[in-house]
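Dear colleague,

Please find below the structure that I am handing over to you, followed by an account of what was found in it.

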Amino acid sequence: MTDGKKPSKPDGKNADDTADMDIGNMTERSASNLAPGVGGGGRLDPRVRNHIGKKIKAVYDEVLEEPVPDRFLSLLDELAKKELEGE
Amino acid sequence: MTVSDNLREQFLAVVPNLRAFAMSLTGRPDRADDLVQETLVKAWANFSSFQEGTNLRAWMFTILRNQFYSEMRKNGREIQDVDGVHSARLATHPEQQGHLDFADFRTALATLPDDQREALILIGASGFSYEEAAAISGVAVGTVKSRVSRARTRLHEMLDVESETDFGPDRTSEAVYATLAAAKS
């Protein structure tokens, strides 16, 4: 399991709502954030939520951290080129 | 730098995010990348409708999601292929094979109802706010919140997290789980 801090998101965005997903940050999240029964897993123990959150990030980041396949580089080159020719 | 070079760079920066999101929707690397390709073409063609100063990533996620569901409706295909998820991902990432736990989690995630998985990924992995996720999915903020909540609860049930040793030798969490288990019985 790839534990430990993940690098911050590529666009630097880090919504408050995901604070509970971060390791070591789970005590910051209190029930006052969310109405009971409505919010993000209010009935689950924060440790369980944190554990699940880390796993979701791990599954997602596995793809996120892959290098961009060549097909997309070529595609964007082509789109940019077409645009220039069309101008 | 020309306008189209600039646009190219901006789009390129979003590609990893789009691929990860597409993978969570389709569960298949080949289909995920086809979806990303269609999204890039569409977003490029419709860039004039993007409002400067708003979130480009959220805008492209919306396009990708709409594209995915419109194809689903057209083709009537199953949304997630759980076996496909499993074999495809394990095949591309043999280093993960030792981690049954990780594979189990991936499968559990794939068996979530699509709306719940989508909400959980947008909030818990893509880093969108509830408001942004609501806009991407075209639902109310409260709906996203309850989907995320249900998704977490369901994953918890499926994986029986309480019995896992994954927490490591952490006395505090062991104590917490002992208390939880006692409270349940």
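**Salt bridges**

A network of salt bridges links E66(A), R19(B) and D33(B); a salt bridge here is a side-chain nitrogen of Lys or Arg within 4 Å of a carboxyl oxygen of Asp or Glu. The model is predicted: local features need pLDDT of at least 70 and side-chain atom pairs count only at pLDDT 80 or more, while totals for chains, interfaces and linings use all residues. Residues are numbered from 1 along each chain as its sequence is written, chains are lettered from A and ligands numbered from 1 in the order in which they are written, and side-chain values use heavy atoms, with hydrogens and water left out.

Over all chains, the structure holds 12 salt bridges. One of them joins R65(B) to E118(B), with the closest N and O atoms 2.7 Å apart. This pair links distant parts of the chain, since R65(B) lies in helix α3 (residues 56-75) of chain B and E118(B) in helix α6 (residues 114-124) of chain B, 53 residues apart. Helices (H or I, at least four residues) and strands (E, at least two) are DSSP runs, numbered from the N terminus. R65(B) is buried, at a relative accessible area of 15%, and E118(B) is buried as well, at 2%. Buried means under 20% relative accessible area, exposed over 50%, and partly exposed in between (1.4 Å probe, protein chains only).

In chain A, K82(A) and E78(A) form a salt bridge of 3.9 Å, N to O. The two are four residues apart in helix α2 (residues 70-86) of chain A, and therefore separated by about one helical turn. K82(A) counts as exposed because its relative accessibility is 53%, whereas E78(A), at 46%, is partly exposed.

A further salt bridge connects R28(B) with D30(B), the closest N and O atoms being 4.0 Å apart. Both residues are partly exposed: R28(B) has a relative accessibility of 25%, and D30(B) has a relative accessible area of 44%.

**Helix α1 of chain B**

The 24 residues of helix α1 (residues 3-26) of chain B should span 34 Å at 1.5 Å a residue, and the end C-alpha atoms are 33 Å apart, which agrees; the expected span is 1.5 Å times one less than the number of residues. A kink of about 35° lies at V15(B), shortly before the proline P16(B), the bend being the angle between axes fitted to the seven residues ending at a residue and the seven starting there. Of the 24 residues of α1(B), 18 are buried, so the helix is largely enclosed by the rest of the structure. Just after α1(B), G27(B) adopts a positive phi of about 75°.

**Nonpolar core and chain A**

The largest nonpolar core has 64 residues; such a core is a set of buried Ala, Val, Leu, Ile, Met, Phe, Trp, Tyr and Cys residues joined through side-chain atoms within 4.5 Å. Among the residues with the most contacts inside the core are I56(A), F11(B) and L40(B). Helix α1(B) gives the most to this core, with 11 residues. Leaving aside residues up to four places away in sequence, L40(B) touches residues including F72(A), L75(A), V15(B) and M60(B), contact meaning heavy atoms within 4.5 Å.

Chain A holds two helices and zero strands, and 40% of its 87 residues count as buried.

Kind regards
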